[in-house]
Amino acid sequence: MPFGSEDDKGATGAAKFVTSTVGNTVGGLGKTVGGVVGAGGRGIGQTVTAATGSAGKPVGEAIESLGNGVENGANNVSKGVEDAGKWK
């Protein structure tokens, strides 16, 4: 079976190449930003908890949870962008 198909030639093939490249790039950047924000949120939350003990634990855990939520959201959106770039 040859690589690709008849549907992947001409304008359709070019469009798929462009959307795939853009989708993968934007998706990768989104995951990177989400990972950085998530790690930052976890780090700040753990610092708050460690510095304040049980009194600040709810605040520290809330910051960690917020960072995790942003990271998960960015990953989900990025996956959707990558899938769209793959015409899924």
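Helix α1 covers residues 10-52, and helix α2 covers residues 57-85. The axes of α1 and α2 come within 7 Å and cross at roughly 175°. Angles over 145 degrees count as roughly antiparallel, and α1 and α2 are therefore roughly antiparallel to each other. The residues that make up the contact of α1 with α2 comprise 9 nonpolar, 21 polar and 9 charged ones.

L29 belongs to helix α1. The C-alpha atoms of L29 and A74 are 9.6 Å apart in space, although 45 residues separate L29 from A74 in sequence. The relative accessible area of L29 is 55%. L29 is classed as exposed because the limit for that class is over 50%. G40 is also a residue of helix α1. G40 and A84 are 44 residues apart along the chain, and 29 Å separates their C-alpha atoms. With a relative accessible area of 30%, G40 is partly exposed.

**Salt bridges**

Side chains of opposite charge can pair when their charged atoms come close. How many salt bridges does a search of the whole structure find? The search finds 4 salt bridges.

| Residue | Partner | Closest N and O atoms |
|---|---|---|
| R42 | E71 | 2.7 Å |
| D83 | K79 | 3.0 Å |
| E61 | K57 | 3.8 Å |

The salt bridge of R42 with E71 has its closest N and O atoms 2.7 Å apart. R42 lies in helix α1 and E71 in helix α2, so this pair ties together parts that are 29 residues apart in sequence. Are R42 and E71 buried or exposed, or in between? R42 has a relative accessibility of 26% and counts as partly exposed. E71 has a relative accessibility of 17% and counts as buried, because the limit for a buried residue is under 20%.

The pair of D83 and K79 lies within helix α2, where the two residues are 4 residues apart, or about one helical turn. D83 counts as buried, at 19% relative accessibility, whereas K79 counts as partly exposed, at 42%.

E61 and K57 are likewise both in helix α2, and their spacing of 4 residues is about one turn of the helix. E61 is partly exposed, with a relative accessible area of 41%. For K57 the relative accessible area is 41%, and K57 is partly exposed.

**Aromatic rings**

How many aromatic pairs does the count give? The count of aromatic pairs comes to 0.

**Summary**

In the predicted model, helices α1 and α2 are roughly antiparallel.

How values were computed: Residues numbered from 1 in each chain as written. Predicted model: local features only at pLDDT ≥ 70, side-chain atom pairs only at ≥ 80, totals over all residues. Heavy atoms only, no water. Phe/Tyr/Trp six-rings, centres within 6.5 Å; stacked < 30°, edge-to-face > 60°. Buried < 20%, exposed > 50% of the residue type's maximum accessible area, 1.4 Å probe, protein only. Salt bridge = Lys/Arg side-chain N within 4 Å of Asp/Glu carboxyl O. Axes fitted to C-alpha atoms, helices over the stretch in contact; angles between N-to-C directions. Parallel < 35°, antiparallel > 145°, perpendicular 65-115°, else oblique. Nonpolar A, V, L, I, M, F, W, Y, C, P; charged D, E, K, R; others polar.
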